[in-house]
Amino acid sequence: MNHARSHDLFARASALLPGGVNSPVRAFKSVGGEPFFAQRAEGAYLFDVDGNRYVDYVGSWGPMIAGHAHPQVLDAVAKTMRDGLSFGVPNALEVTMAEAITAIVPSCEMVRMVNSGTEATLSAIRLARGATGRNRIVKFEGCYHGHGDSFLVKAGSGALTLGLPNSPGVPGALADLTLTIPYNDFEAATQLFDEVGGEIAGLIIEPIVGNANCILPRDGYLQHLRELCTKHGALLIFDEVMTGFRVALGGAQQRYGITPDLSTFGKIIGGGMPVGAFGGRRELMSQIAPSGPIYQAGTLSGNPVAMAAGLATLELIRAPGFHDALEASTHALCDGLEAAARDAGVAFHTTRAPGMFGLYFREGPVESFADAMASDAVKFGRFFHAMLERGVYLAPSAFEAGFVSSAHGEAEIAHTINAARAAFAEVA
Ligand SMILES: *Cc1c(COP(=O)(O)O)cnc(C)c1O
């Protein structure tokens, strides 16, 4: 494959953008090599500036659940933008969006629109702190909630170890308020709440972890967290920026039958435009300004063009059977990859939820952050490049989930599995 134009652009970008990119994982650091630059995208495919075509399993990191450049989404955007790009006064599409979210996700009686997943999560913990009058936040090892200061904290050597910043620039005094425990560990959560439950404002979790590859909750785990939060008066916050509208129409909370106090959304809700949202019970959400004292604002929040893209996407995924078909495609892909790896004698395992999957260069099962980290990242890097050469674009990191869209049909999945047969043979 020729990458001359991408190479040239990356050289120019690297002189002016930190690492040549505007978001770190795009830089291919963990798989080596250089990123390709997109020219355009359509359905399941990305096309780069050198004319190469890839079956895309990143989907802009989640939003493109209905495939790239879906005509209905583009039409909605085009029609809306002709009336103006931003008004600074309320517009009807914001109301339609709030009605759609609250209808699809019953735990959200009210919502606030924002411009990214990061904004949604940092606003949600401000609300949790403001509403409970407590300061501590609990998160999980390997869960990602955007780049807000309170979230850039990794675990110490035990559930009660105080947080340490893992990014320079995060004040230790703030990081100390974030407690980190291992995902899927019932006992660690019980112990933490027994010791400091009365100080915890909220527990935030990716109900299915999609930012440490893809890890599913053990049976009863989310229910256990729900009970602990209720017992100790802490708010349960489901970060559904990735899982929302994907693993079921109503997200992971619908799939697992759990009612969180607050939920955060992003990605799909913007259909490819910069959008996030957070919502929850009326009594909590009413404490947000201007109906309450907890401040939150945004010049472009509820932007009409962004609402139009998100609403058109929601309309597509509300079609009967949409998520069942997505689940079937995800299984077909993962089953095919596992069979190809077995034939090549490569230790390999997949995890799946509808429309998202994890690839592991190790035997299963994978149920914890430690399990996920034990995947052979060097082998993944070689596999990634072997697939890219064959026109398949996987997430450029061994520790990111992959995404399947409704545009991934039998032909795309068959192409992927064929490519994988050759790629596994190369890395075996
Ligand atoms: C992507 C993501 C975020 C951050 O969203 P941005 O729009 O990148 O700020 C937060 N939480 C989860 C679970 C995510 O996957």
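Me: Before we start, what do buried and exposed mean here?
Reply: Buried means under 20% relative accessible area, exposed means over 50%, and partly exposed is in between (1.4 Å probe, protein chains only). This is a predicted model, in which local features need pLDDT of at least 70, side-chain atom pairs count only at pLDDT 80 or more, and totals for chains, interfaces and linings use all residues. Residues are numbered from 1 along each chain as its sequence is written, and side-chain values use heavy atoms, leaving out hydrogens and water.

Me: Why is Phe380 called buried?
Reply: Phe380 has a relative accessible area of 4%, and the limit is under 20%, so Phe380 counts as buried. Phe384, at 0%, is buried too.

Me: What makes Phe348 and Phe361 an aromatic pair, and of which kind?
Reply: Rings of Phe, Tyr and Trp (its six-membered ring) pair if their centres lie within 6.5 Å; planes under 30 degrees apart are stacked, over 60 edge-to-face, and the rest tilted. Phe348 and Phe361 are 5.3 Å centre to centre with 70° between the planes, so this pair is edge-to-face.

Me: Why is the pair of Phe380 and Phe384 called tilted?
Reply: Their planes are 35° apart, with 6.4 Å centre to centre. Helices (H or I, at least four residues) and strands (E, at least two) are DSSP runs, numbered from the N terminus.

Me: How do you know that Asp343 and Arg421 form a salt bridge?
Reply: A salt bridge needs a side-chain nitrogen of Lys or Arg within 4 Å of a carboxyl oxygen of Asp or Glu. The closest N and O atoms of Asp343 and Arg421 are 2.8 Å apart, so the pair qualifies. Asp343 lies in helix H11 (residues 322–344) and Arg421 in helix H14 (residues 410–427), so the pair ties together parts that are 78 residues apart in sequence.

Me: Why is Asp343 called exposed, but Arg421 partly exposed?
Reply: Asp343 has 59%, which is over 50%, so Asp343 is exposed. Arg421, at 37%, falls in between, so Arg421 is partly exposed.

Me: What makes the charged end of Arg40 sit over the ring of Phe47?
Reply: The rule asks for NZ of Lys or CZ of Arg within 6 Å of the ring centre and within 35 degrees of the ring normal. The charged end of Arg40 is 4.1 Å from the centre of the Phe47 ring and sits over that ring.
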